[in-house]
Protein chains: 2
Amino acid sequence: MDPETQLSELKWIINKYSDLVSVYGLLHWDLETVMPAGGSAGRGHQIATITHIAHETLASDQVGHLLEQLQPYAGQLDPDSDDARFIQVIDRLYRKKSRVPANLMAEIAKAASDAHHVWVQARETADFGRFEATLENILSLKRQYAEHFQPYDHIYDPLLDDYEPGLLTADVQAIFSTLRPHQVELLRAISDRQQVDDSFLHQHYDEKDQWKFGVEVITAYGFDWNHGRQDKSAHPFTQDINLGDVRITTRVLEDYLPSAFFSTAHESGHGIYCQGIDPSLDRTPLSRGASLGIHESQSRMYENVIGRSRSFWSHYYPRLQKIFPTQLGNVSLDAFYKAINKVEPSLIRVEADEATYNMHIMLRLELEIALVEGSLQVKDLPEAWNAHMQEYLGLTPPDDALGVLQDVHWSHGNFGYFSTYALGNLISAQLWERMLEDIPEAGAQIEVGDFKAITAWMREKVHRHGAKYKPQELVQRITGSKIDQEPYLRYLTNKYTEIYQF
Amino acid sequence: MDPETQLSELKWIINKYSDLVSVYGLLHWDLETVMPAGGSAGRGHQIATITHIAHETLASDQVGHLLEQLQPYAGQLDPDSDDARFIQVIDRLYRKKSRVPANLMAEIAKAASDAHHVWVQARETADFGRFEATLENILSLKRQYAEHFQPYDHIYDPLLDDYEPGLLTADVQAIFSTLRPHQVELLRAISDRQQVDDSFLHQHYDEKDQWKFGVEVITAYGFDWNHGRQDKSAHPFTQDINLGDVRITTRVLEDYLPSAFFSTAHESGHGIYCQGIDPSLDRTPLSRGASLGIHESQSRMYENVIGRSRSFWSHYYPRLQKIFPTQLGNVSLDAFYKAINKVEPSLIRVEADEATYNMHIMLRLELEIALVEGSLQVKDLPEAWNAHMQEYLGLTPPDDALGVLQDVHWSHGNFGYFSTYALGNLISAQLWERMLEDIPEAGAQIEVGDFKAITAWMREKVHRHGAKYKPQELVQRITGSKIDQEPYLRYLTNKYTEIYQF
């Protein structure tokens, strides 16, 4: 076989694999949005079957053989060409998948599936003890998983690499150790100032009206309804079935206005990213985002950098006041802007504001690295959690439900996931600064509700490439430097010195 | 390997196969209800991939080998046991699937997929000539398909068998040749009488109110919302994802009351059937209905035998009048009952009443048998269609769109499908007569809106068995005779002599 034939054979298999990933996505979306309760046992089987077949398809000897044969050919291609990147990405995926025995993968999947229920119960009763043995088991399995990737600099590297390809533990530690003291300092400065009033956000806001307003904004952002839809779910998420079918969800609280709007804006960022990936990458793993961190950079940008900016609300606030005249008619733009940007250390990550959010992440990252490398025992985790909370945010959780048991991630075995949230914040500010060099009038455009140039810039620089480049490489190509905390610190400082006047 | 191990290995493969069938069902449901337009290209690929893997899974050498080894063991089992029936059903499926070359199956799937578009255009322009070559191609492929099942009594047998396992062309011809003259005679008698007035059905009826009324009725029928849901789609259908997740759809016309209600009642019959299948058959092909005809017997029963009965409306009409006081306040129960049972020969099958419906089916059956056996040429089809319409219903279509081009089935290559609609009508009346022997008070129960005993009887006799028995065998077990036209003729005659007083 000549290399072209080998490549088209590899693509044929990978297209099939990608179809299965799409199907998995639909099974998951359906489960979270519309599936009747009675479907859950069956859905578990369907997901297991598709996962199993997808694994077999990708980690097959045939794929390994084709990849081996294609290496010399790949070496002759333009390294930035779709084909060269395709071979590189598939090779990486294949090596990851085929390195770990299928039965360990199955054991992890099973343990995570069983653990969910235990975690839910432990959280409901605020009793970490009920979850301890289960977490120990998952941690031990994930350690075994990581050990299959020896040699490595750090045992946490292979876990992080599942979410941020190419990023090392040392990289994120370096970033966060620079970031932390500055964020602590910022919080201290804010806490000395008079707190803003956000009581008017806690009134009755009609669900339908909230929904319509969100739709209006994300349509202006560039979310394409011919290639997507929005539904309700308990926890907001984005599911890209394929490039032409990108689904976002939100939840609406009728007694707290920000919840639905900002989760809609957040998920629309994920959705616009997916919709903007080059169609030539469809039906390959390159048609997904570059990493969770890059994905989060887009969602946090549309949610926060744009959606919580004064420019944005100078355009949209009169519109919002028209929809909710009783609730907001007497609230000034300035008061509203400050309220949606109120900073207040709190116990729960998902409710955290922009200034405290990264603190929650850094705490988790330190603890999970310590767990994985064995310097922290599972039994000592609640105490370590509470000590970190006190140190970072000045709070002590009254119980484990509001502390160490709050997140679902560890019960799913997702060690390595948390840092992507904070990285997304950093990258969003980096991209934004770079974008402003090309579009200095972006702020003025936002003030008239025009996001076309901004979204087009993101599409050109970020979205269309899909997963062709690893996250560090992509950020470097666009901004000229690697992932860097400075732009985000500048962004936070500028924003909050103005709001809290220090 | 001992037979028990072989059997559990076979079940493991078949469970996987059934999961893929469930996934296919979800892909189809999603496509028809919620998928954004941009998803269609990707969805085609996903469906093709799942179909391909499902075929490979079932028609594998491993399955063939296990089945062969299991034959002596199966011979020793109670022939009605789940395991004996499981082996029998899988053996039948395997033989059907493995007998036809995979590339012919792919060619048929491709031809049908391409044909859909051509058929839509031909129908839009009412020009059969545009569809002729395409239909010839599909017909030729389906003939090739059938020929792989030689020897047979009739080349149409293998096609019919895909929808009605075990039923022969000669069987349906015998049934329909007895049925036809009686139905013609009944129509003649009705046409001599004064026509009933149904003008009040063509008023504005609010969509939400229609929807709520339908939900109220099918909940009383026994449709289980924990194991199902209802959505809107262009064409109503039922999709059983698995036994715990059975989805029905309907369409609502605001200017014609019967459409939504009777399609809801119809699909609920399919849905209640699926929900009533024994959970021990889940994740096997036995967890689907026995055949399309048996399925249709349940949908037509809840739609017509119950849903268009005087007993039913004596309970529900006051309720409906309360919902639509302006439209129905001055219409008597008798006038309403007659209106929803109005008989009028018409050109379009899907709009036909109970007395004319089977005529539409018999016409199609005769024509498609003639096409498949080669006694009718595709080019002569429109003329033959119009001649039959004139003979059976006294009407001549003004163009091919309202005639030979009205149904999608042939463009999909679904030769053999149509008769199942008429068989369903016949079986519904057979089961009903038998049920009345056990529950003589069924009519009185319907008059108070109580369907529990009726649905429980159907569950016990029909639903729970799934596809354990072939349709003829199932009907014989329940009623003591094979599929028979007499009960249905009695049902029609009783009903219409009362309405049209002849």
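Predicted model: local features only at pLDDT ≥ 70, side-chain atom pairs only at ≥ 80, totals over all residues.
The size of an interface is often given as the accessible area lost when the parts come together. By that criterion, the area buried between chain B and chain A comes to about 2700 Å², with carbon and sulfur atoms giving 62% of that area. On the side of chain B, the residues that lose the most area to chain A are L26(B), P36(B) and Q46(B), which together account for 17% of what that side buries. In terms of residues, the contact draws 36 from chain B and 36 from chain A.

A salt bridge is formed by the side chains of R247(A) and D30(B), with an N to O distance of 2.7 Å. The side of chain B that touches chain A receives two or more residues from each of the helices α1 (3-33) and α2 (40-58) and from each of the strands β1 (228-232), β2 (238-242) and β3 (245-250) of chain B. Among these elements, α1(B) supplies the largest share of that side, namely 10 residues. When the residues on the side of chain B that touches chain A are sorted by class, 14 are nonpolar, 13 are polar and nine are charged.

Within chain B, helix α11 (residues 292-306) packs against helix α17 (residues 419-438) at an angle of about 65°, the two axes lying 7 Å apart, and the crossing of α11(B) with α17(B) is right-handed. The residues that α11(B) brings to this contact include L292(B), I294(B), M301(B), V305(B) and I306(B), while those from α17(B) include Y421(B), I427(B), L431(B) and W432(B). By class, the contact of α11(B) with α17(B) consists of nine nonpolar, seven polar and two charged residues.

In chain A, helix α11 (residues 292-306) and helix α17 (residues 419-438) pack at an angle of about 65°, with 7 Å between their axes, and α11(A) and α17(A) form a right-handed crossing. Among the residues of α11(A) that take part are G293(A), E296(A), S297(A), Q298(A) and R300(A), and among those of α17(A) are T420(A), G424(A), N425(A) and S428(A). The contact of α11(A) with α17(A) comprises nine nonpolar, seven polar and two charged residues.

Turning to the backbone, most residues other than glycine have a negative phi, and most peptide bonds are trans. In chain A, Q150(A) and P151(A) are joined by a cis peptide bond with omega of about 0°, and P151(A) is placed in the loop between α6 (129-147) and α7 (157-161) of that chain. In chain B, a cis peptide bond with omega of about -5° links Q150(B) to P151(B), where P151(B) lies in the loop between α6 (129-147) and α7 (157-161) of chain B. A positive phi, near 50°, is found at A126(B), a residue other than glycine, and A126(B) is located in the loop between α5 (102-124) and α6 of chain B.

Methods. Residues numbered from 1 in each chain as written. Chains lettered and ligands numbered in written order. Heavy atoms only, no water. Contact = heavy atoms within 4.5 Å. Buried area = accessible area lost by both parts, 1.4 Å probe. Salt bridge = Lys/Arg side-chain N within 4 Å of Asp/Glu carboxyl O. Helix = DSSP H or I, 4+ residues; strand = E, 2+ residues; numbered from the N terminus. Nonpolar A, V, L, I, M, F, W, Y, C, P; charged D, E, K, R; others polar. Axes fitted to C-alpha atoms, helices over the stretch in contact; angles between N-to-C directions. Left-handed = near helix turned anticlockwise from the far one by under 90°.
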